[in-house]
Amino acid sequence: MYHYPYRDYPPGRMMNRASELHLSILGYNEDDRWVAHALEMDILAYGADFDDACSQLEGLVMTQLRFAGEKKDLSLLWHPAPRKFFNRYIAAVLDSRSSEPGLQTRSMSIPPAHIIPTAPNGSCL
């Protein structure tokens with residue numbers, strides 16, 4: 001879990017915790033490889049298995065977060081996937097026995113904007 005740095009708060013003042021955001025990740029096979037699909041951002045990554053695709057996806061999501069931060073444009077972040085992918089995700093979560101074979105789901109935490117790594121000059125890495 002990510003937190004605001006303690007040193008930024010005056011002594012005796014209660015610290016507010018930063019809340020993480022969570023993305024819904026749908027995993028499925030496509031053309032003999034795994035796809036990890038971040039539904040809220042409509043970003044896809046590919047890998048040999050679901051874990052590999054999720055690792056690739058994490059890097060792509062962080063890149064998009066940094067880019068949106070650098071441009072100071074939050075509209076670059078939230079582009080939902082088509083509804084059919086959300087429907088597949090919901091079916092897999094609610095009843096894995098009746099969903100499509102081979103679907104996997106996961107939640108990916110992304111850090112709040114204030115802790116996304118930046119360069120010393122304040123620009124995003």
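Q: Are Tyr-28 and Phe-85 buried or exposed?
A: In this predicted model, where local features need pLDDT of at least 70 and side-chain atom pairs count only at pLDDT 80 or more, while totals for chains, interfaces and linings use all residues, both Tyr-28 and Phe-85 are buried, a word that stands for under 20% relative accessible area, with exposed meaning over 50% and partly exposed in between (1.4 Å probe, protein chains only). Residues are numbered from 1 along each chain as its sequence is written, and side-chain values use heavy atoms, with hydrogens and water left out.

Q: Why is Trp-34 called buried?
A: Trp-34 has a relative accessible area of 13%, and the cut-off is under 20%, so Trp-34 counts as buried.

Q: What makes the aromatic pair of Tyr-28 and Phe-85 stacked?
A: The ring centres lie 5.9 Å apart with 25° between the planes; rings of Phe, Tyr and Trp (its six-membered ring) pair if their centres lie within 6.5 Å, and planes under 30 degrees apart count as stacked, over 60 as edge-to-face and the rest as tilted, so this pair is stacked.

Q: What makes the charged end of Arg-33 sit over the ring of Tyr-46?
A: The charged end of Arg-33 is 4.0 Å from the ring centre of Tyr-46, and the rule asks for NZ of Lys or CZ of Arg within 6 Å of the ring centre and within 35 degrees of the ring normal.
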